[in-house]
Structure formats: C-alpha cells, structure tokens
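Please examine the sequence and the structure shown below.

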Amino acid sequence: MTQQRFIFPRWTNLVLPFMLVAGSTAPLYVAIVVAYGFSPQSTDVGYMPEQPIPFSHKLHAGELGVDCRYCHNTVESTQHAALPPTQTCMNCHSQIHPTSDKLKPLFESYETGMPIEWVRVHDLPQYAYFNHSAHVTRGVSCVECHGRVDTMEVVYQHETLSMGWCLNCHRNPDPHVRNPDLVTQLEWGIDMSDAEKIANSISWREINNLNPSQDCSTCHR
Amino acid sequence: MGQLVKQIIDDLAKPFLEDLKELPLWIKWTVIVITCAATIPLALIFRARTSFSDKPRIHFIQNMDNQPKYVSQEANALFLDGRAMRPRVEGTIPRNGMVNDTHLYMGVVDDAWATEYPSALTVDHAFLVRGQGRFNIYCSPCHGVGGFGDGLVHHRANQLVETGVNGTTWVAPKNLHEDVIKEQQVGELFNTITNGVRTMSAYASQITTQDRWAIVAYIKALQLSQDADPASVANADAIPRKSANEGSSE
C-alpha cells in the first residue's frame with residue numbers, strides 16, 4: 001500500500017485573501033446593522049398606530065385652528081397631557097356628524113360611559129420621569145417633541161424620545177424655547193431664519209432663567 | 001508605465017482567476033448566497049427608517065421600559081370599564097373640591113346673579129390677560145376671537161349643514177356683543193360657561209373656576225372694547241385714527 005500525499009487543491013490559495021476581506025468587512029457590517037438597526041430612529045420613529053376613531057389632528061388643530069389645550073387641557077398644570085374625555089368631543093359632535101359611522105365608537109362611549117380605547121403613540125420608558133407642565137409653561141413648544149401634529153392626518157411618533165435626544169436639548173436649550181404664550185402655535189417661526197429663531201430663543205431663556213438640569217435624578221427619580 | 005501595470009496584472013490577477021476557476025461550486029454559491037442575504041437586514045433598516053408602521057414598536061432590550069404598575073389613563077383589565085384610573089365615587093368630594101361659596105362657584109349671591117366678582121379674585125390686568133388666553137382656547141373656536149359668533153368651527157358646521165353630511169345640525173353661536181348678552185350680569189355669564197346653555201356644553205370640567213371668572217372678565221372687556229366712548233379712553237387723541245378716505249372705502 002503506497003502512501004499517498006495529500007496535496008492542497010489550488011483554490012485553497014484563496015482562503016487567506018478571503019479571510020482578510022471577510023474578517024475586515026464583517027465587523028464593519030455588524031457595527032452598521034447595530035448602530036442603525038437598533039437605534040430608536042428605526043425602531044420607534046414613524047410609529048403610527050391605527051386608532052379606534054380616525055381622528056384627524058390636521059382638520060381639528062390645523063384647519064379649524066382649535067388650540068391643543070382645548071382637548072389636552074391638563075398639559076399646563078400636570079405631568080400628563082390628558083386625552084380628553086368623551087364629553088369634550090361631544091361639545092361639538094352632539095350637533096356635528098351625529099349619525100357618522102366613523103364616529104360610532106364615540107357615541108357608544110357617550111351612551112355607555114365606557115372609555116374609547118385610544119392607542120398611546122408616545123410612550124416613554126417607565127423609569128423616565130417627564131412632566132408636561134414643566135416644559136410647556138417654560139416655553140418648550142409641543143412641536144419640539146411631537147412634530148407638526150397640526151398637519152398630521154394620523155398622528156405618528158416624530159422624534160426618537162431617547163435619552164440622548166432629551167439631553168441634546170437639556171445641554172443646549174437655545175434653539176428650542178420660545179415665548180410660553182406661543183407654545184401651541186406649532187407653525188410659529190416658520191417665517192424666521194435660524195439666526196432670528198435662536199436670538200428669540202436666547203432672549204426667552206434669559207427672561208425665564210432656564211438652566212435645564214442634567215442630573216441623573218432629574219428624570220430617573 | 002503600461003508595461004508595469006500589465007506585469008502586475010499578469011503576476012497577481014491571472015493566478016487569482018486561475019485559482020477561482022477551480023473553486024468548488026458549493027463554496028461559490030455559499031459565498032454568493034451569504035453576501036446577498038447580508039443585504040436583507042440593510043434593506044429592512046432602510047425601510048424602517050423611511051416609512052410609517054402601525055405595528056407595535058420593537059424594543060430589543062426591554063430593561064424596565066414597562067413596569068408592573070399603572071400610569072395615567074392606562075388600561076386595567078381588572079375593572080369592568082377597563083380604566084386603571086378610577087372615576088370619583090358618587091357622593092364624595094376631592095380635596096380642594098369643596099363647593100362652599102355660591103358666589104365663587106355658582107355666580108349666585110342671595111338667589112340672584114352676582115353683579116360683582118368674587119372677593120377671592122383680584123381683577124387686574126394679569127387676570128384679564130389670563131382670561132384672554134383662556135377665551136382664545138376654549139371659546140374662540142365657536143364664538144370667534146372677537147366674540148362675534150364667527151369662529152372657524154361655526155363656519156365649518158355651516159358648510160356641513162349646507163351639504164347635509166351625517167345629519168349635522170347647527171345652532172349659530174351667540175354674538176357676545178348683542179344687547180341680550182351685554183345686559184347679563186357677571187354671575188350669569190359665569191353660570192353659562194360653567195353649566196352650558198341650550199346647545200352649548202358645560203365647560204366646568206375643562207376650565208378651572210378661577211379661569212372661568214377670568215373669561216367672564218375678558219368678555220366684559222371685549223364688549224366694552226366694541227362699544228367704547230373715545231372720551232373714556234385716556235390719551236384718545238394720541239391713538240391714530242382712520243382717515244376719512246380710508247373710512248369711505250369700506
């Protein structure tokens with residue numbers, strides 16, 4: 001029995017260059033997928049759940065110019081910007097569209113006293129404390145976190161609501177504050193240049209003496 | 001120069017291509033398939049970042065995002081109505097909820113509409129400004145910013161009545177500058193905001209007691225502003241007036 005030598009086939013010459021190429025691109029690939037794929041910009045922004053009633057903020061807050069606080073009336077005094085009770089809708093809809101099919105859940109709720117099961121769009125982690133009134137009464141407009149809701153047919157999450165995003169503003173609030181009387185004017189500043197806006201912002205920051213805290217315990221209490 | 005390039009190609013690329021020719025087919029396909037599959041996550045990420053989704057958000061690392069507790073307006077299956085926040089039990093009064101002053105809470109003094117503001121409130125410029133803000137939020141959708149009963153909701157409702165959509169009916173909101181309204185005492189105005197009147201709903205749950213009085217004060221100021229005597233305005237001469245030409249063009 002003659003002993004045969006094993007001779008590596010010619011293509012094994014390719015193993016080393018292949019390892020070099022794959023070894024250098026794979027970590028890069030993983031880094032890209034994790035950085036972009038796991039970021040809240042991918043997982044959270046653009047969340048647009050279907051609501052039990054196709055309520056249009058574009059019509060009510062945009063075209064009809066109803067102030068945000070007409071419905072979310074607790075926003076200036078409490079942590080939570082409350083969804084309105086059915087009664088608030090009925091202020092108008094007892095007369096307007098009283099036989100609409102789309103509004104059936106509203107009228108059912110009004111008759112039975114059961115709540116309308118709206119789906120929460122903006123949901124912070126429960127270890128993060130956020131107070132609406134603290135921001136709104138100091139001139140942080142609704143639009144800074146919620147986007148142009150007055151142009152949204154269906155409301156969606158516009159910002160990441162991540163910790164880094166909160167800190168961006170807490171570290172540099174200058175481009176984000178305005179006259180507290182104008183917080184619900186979502187289109188405010190559309191005709192101003194960035195420089196004008198920042199100058200205005202800085203003046204209101206000084207008037208209200210805003211020095212947002214960056215302590216851990218401010219939000220994680 | 002061209003010679004050198006050719007030399008490099010001959011020395012490096014040609015043996016490489018020769019090697020490649022002998023590569024077993026299964027390895028070739030494995031590499032091709034893996035490379036193609038690697039683009040799928042990238043495509044999904046691109047889609048996630050550029051489109052809307054009604055699917056619940058994906059949180060890879062939950063940490064303590066959702067804790068076994070109930071937050072404002074959350075659902076709780078334990079109760080028949082599904083509300084985690086419990087409605088007030090009938091017959092109970094919340095702290096600070098004591099209604100012990102008919103003037104402040106009902107606008108009534110000695111069984112008649114109050115003619116003065118409750119003593120607990122200071123009616124000053126800041127109070128009027130507060131009233132203006134609240135009026136613009138809660139009243140102007142129907143009554144209009146000027147109180148003439150020409151708010152945007154009124155216009156919209158009229159459109160719907162004309163086209164006859166979904167059985168819409170509409171009673172025009174009152175012009176607050178009519179004599180009937182002007183003659184009303186502050187207490188009666190307060191009562192109207194608090195409890196509603198005819199087709200107007202009660203606003204007691206949306207607007208605090210103090211703010212309702214502030215709105216009353218602002219409505220009085222608004223009425224006065226539309227029917228003011230120049231003599232009653234300090235420095236009236238200093239205020240620019242419309243010239244005769246401008247007046248005639250109207």
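## A helix pair in chain B

Helix 8 of chain B and helix 9 of chain B are oblique to each other, since angles under 35 degrees count as roughly parallel, over 145 as roughly antiparallel, 65 to 115 as roughly perpendicular and the rest as oblique. The two helices pack at an angle of about 125°, with their axes 9 Å apart. Axes are lines fitted to C-alpha atoms, for helices over the stretch in contact, and angles run from 0 to 180 degrees between N-to-C directions. Helices (H or I, at least four residues) and strands (E, at least two) are DSSP runs, numbered from the N terminus. The model is predicted: local features need pLDDT of at least 70, side-chain atom pairs count only at pLDDT 80 or more, and totals for chains, interfaces and linings use all residues. Residues are numbered from 1 along each chain as its sequence is written, while chains are lettered from A and ligands numbered from 1 in the order in which they are written.

The crossing of helix 8 and helix 9 of chain B is right-handed; a crossing is left-handed if the near helix is turned anticlockwise from the far one by less than a right angle, and right-handed if clockwise. On helix 8 of chain B, the contact is made by Val186(B), Leu189(B), Phe190(B), Ile193(B) and Thr194(B). Helix 9 of chain B contributes Arg212(B), Trp213(B), Ile215(B), Val216(B), Ile219(B) and Lys220(B). Two residues are in contact if their C-beta atoms, placed from the backbone, lie within 7 Å. The residues of this contact comprise 8 nonpolar, 1 polar and 2 charged (Ala, Val, Leu, Ile, Met, Phe, Trp, Tyr, Cys and Pro count as nonpolar, Asp, Glu, Lys and Arg as charged, and the others, Gly among them, as polar).

## The covering of helix 8

In helix 8 of chain B, 7 of the 10 residues are buried. A residue is buried if 20 or more other C-beta atoms lie within 10 Å of its own, exposed if 12 or fewer, and partly exposed in between, with C-beta atoms placed from the backbone. Among the buried residues are Val186(B), Gly187(B) and Asn191(B). Their cover includes helix 3 (102-106), strand 1 (108-109), strand 2 (112-113) and helix 9 of chain B. After helix 8 of chain B comes Gly196(B), whose phi is positive, near 80°.

## The largest nonpolar core

The largest nonpolar core has 40 residues; such a core is a set of buried Ala, Val, Leu, Ile, Met, Phe, Trp, Tyr and Cys residues joined through C-beta atoms within 7 Å. Helix 9 of chain B gives the most to this core, with 8 residues. Val216(B) is one of the residues with the most contacts inside the core. Leaving aside neighbours within four places in sequence, Val216(B) is in contact with Val186(B), Leu189(B) and Phe190(B).

## Where the chains meet

In the model, 50 residues of chain B are in contact with 48 residues of chain A. The side of chain B that touches chain A divides into 21 nonpolar, 19 polar and 10 charged residues.

Asn166(B) lies in the loop between helix 6 and helix 7 (179-182) of chain B. With 15 C-beta neighbours inside 10 Å, Asn166(B) counts as partly exposed. Leaving aside neighbours within four places in sequence, Asn166(B) is in contact with His97(A), Pro98(A), Thr99(A) and Ser100(A).
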